[in-house]
Amino acid sequence: MGKVVMYSSVSVDGFVADENDQPGPLFDWLSSGDVPLDESGELKVSQTSYDYTRAYWDQIGVTIVGRHVFDLTDGWDGKPPSGIDHVVVVTHRPQPEGWDPEAPFHFVDGVEAAVATAQELAGDRMVEVAAGDVGGQVLAAGLIDEVRMDVVPVVFGSGKRYFGSVHAQHLLEDPDVVIRGNRVLHLRYRVRR
């Protein structure tokens with residue numbers, strides 16, 4: 001099975017969005033370069049960020065998100081973002097009325113079921129878990145192998161925390177990747193077992 005990785009862009013003070021769920025400048029690094037990151041041509045990053053991010057994105061088979069993110073994005077109109085094969089949505093509610101049953105989205109109740117479903121769908125590819133409340137729950141359950149952060153030079157002061165509402169200490173290894181891009185610092189930590 002592939003690794004389970006918690007990931008997001010994050011402010012220096014640890015937030016993935018402000019109090020109103022707005023990312024503000026957290027994604028500015030995705031338009032701060034001249035190398036297209038995907039086929040759309042809308043995302044352009046530095047060569048350094050491209051080399052790191054593209055290689056990471058190409059390994060992802062499934063992304064796990066919470067229902068809140070699913071609702072905020074309108075379920076990406078039934079098309080998983082960034083060329084990912086499947087999205088697993090952690091929710092206690094049924095899928096939206098009129099949702100296309102053929103869309104590669106899987107609605108499950110609970111983070112353990114989400115990880116099990118995602119790993120089955122991903123095979124040996126990576127499972128990405130969106131940071132925030134669901135990511136924090138997966139970390140607390142001991143199911144995260146690695147934490148990746150794209151740290152952006154901004155301080156929010158308050159908002160939605162990267163690790164959600166985790167209330168226990170979790171040790172990470174020293175960062176094994178530290179890469180400086182334009183307006184972003186890419187970090188990777190393995191979770192200490």
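Which residue forms a salt bridge with arginine 93? Keep that in mind as you open the viewer; we will reach it at the third stop.

**Before you start**

You are looking at a predicted model, in which local features need pLDDT of at least 70 and side-chain atom pairs count only at pLDDT 80 or more, while totals for chains, interfaces and linings use all residues. Residues are numbered from 1 along each chain as its sequence is written, and side-chain values use heavy atoms, with hydrogens and water left out.

**Stop 1: the sheet**

Switch to a cartoon view. The helices (H or I, at least four residues) and strands (E, at least two) on this tour are DSSP runs, numbered from the N terminus. Look for the open sheet of eight strands, which follow the order S7-S6-S5-S8-S1-S9-S12-S11 with mixed pairing. Two strands pair if DSSP finds at least two bridges between them. Strands of a sheet pair through backbone hydrogen bonds, either parallel or antiparallel.

Now colour S7 and S11. These two stand at the edges with a single partner strand each, so one side of each has no neighbour in the sheet. Neighbouring strands of the sheet are turned by 20° against each other on average, direction ignored.

Zoom in on S11 and S12, which pair in the antiparallel sense over five bridges. Select valine 178 and you can find its bridge partner, leucine 187, in S12.

**Stop 2: two helices on the sheet**

Select residues 47-57 to show helix H1, which packs on the sheet and touches S1, S5, S8, S9, S11 and S12. The direction of H1 makes about 40° with that of S12. For such angles, axes are lines fitted to C-alpha atoms, for helices over the stretch in contact, and the angles run from 0 to 180 degrees between N-to-C directions.

Next select residues 133-140, helix H4. H4 lies across S1, S5, S6 and S8, and runs at about 120° to S8. Which residues of H4 are buried? They are Val134, Gly135, Gly136, Val138 and Leu139. Here buried means under 20% relative accessible area, exposed means over 50%, and partly exposed is in between (1.4 Å probe, protein chains only). An α-helix has 3.6 residues a turn, so residues three or four places apart point the same way.

The buried residues of H4 pack against S1, S5, S6, helix H3 (111-122) and S8. Just after H4, click on glycine 142, whose phi is positive at about 75°.

**Stop 3: salt bridges**

Side chains of opposite charge can pair when their charged atoms come close. A salt bridge is a side-chain nitrogen of Lys or Arg within 4 Å of a carboxyl oxygen of Asp or Glu. The whole structure has eleven salt bridges.

Back to the opening question: the partner of arginine 93 is aspartate 71, with the closest N and O atoms 2.8 Å apart. This pair links distant parts of the chain, 22 residues apart: arginine 93 is in the loop between S6 and S7, and aspartate 71 is in helix H2. Arginine 93 is partly exposed at 46% relative accessible area, and aspartate 71 is partly exposed at 32%.

Then show aspartate 21 and lysine 160, whose closest N and O atoms are 3.7 Å apart in their salt bridge. Aspartate 21 lies in the loop between S2 and S3 and lysine 160 in S10, so the pair ties together parts 139 residues apart in sequence.

One more pair to select is arginine 190 and aspartate 176, which meet in a salt bridge of 2.3 Å, N to O.

**Stop 4: glutamate 146**

Select glutamate 146 in strand S9. Is glutamate 146 buried or exposed? Glutamate 146 counts as buried, at 1% relative accessibility.

Show its side chain together with those of Lys3 and Arg148: the three residues are linked in a network of salt bridges. The side chains of glutamate 146 and arginine 148 are also joined by a polar contact of 2.8 Å. A polar contact is a pair of N or O atoms within 3.5 Å; within protein, one must be able to donate a hydrogen and the other to accept it, and residues adjacent in sequence count only if both atoms are side-chain atoms.

Leaving aside neighbours within four places in sequence, the contacts (heavy atoms within 4.5 Å) of glutamate 146 include Val4, Val5, Tyr189 and Arg190.

**Last stop: two loops**

Finish with tryptophan 76, in the loop between H2 and S6. Tryptophan 76 has a positive phi of about 50° although it is not a glycine, and it is partly exposed at 24% relative accessible area. In the loop between S11 and S12, select arginine 183, another residue other than glycine with a positive phi, near 65°.
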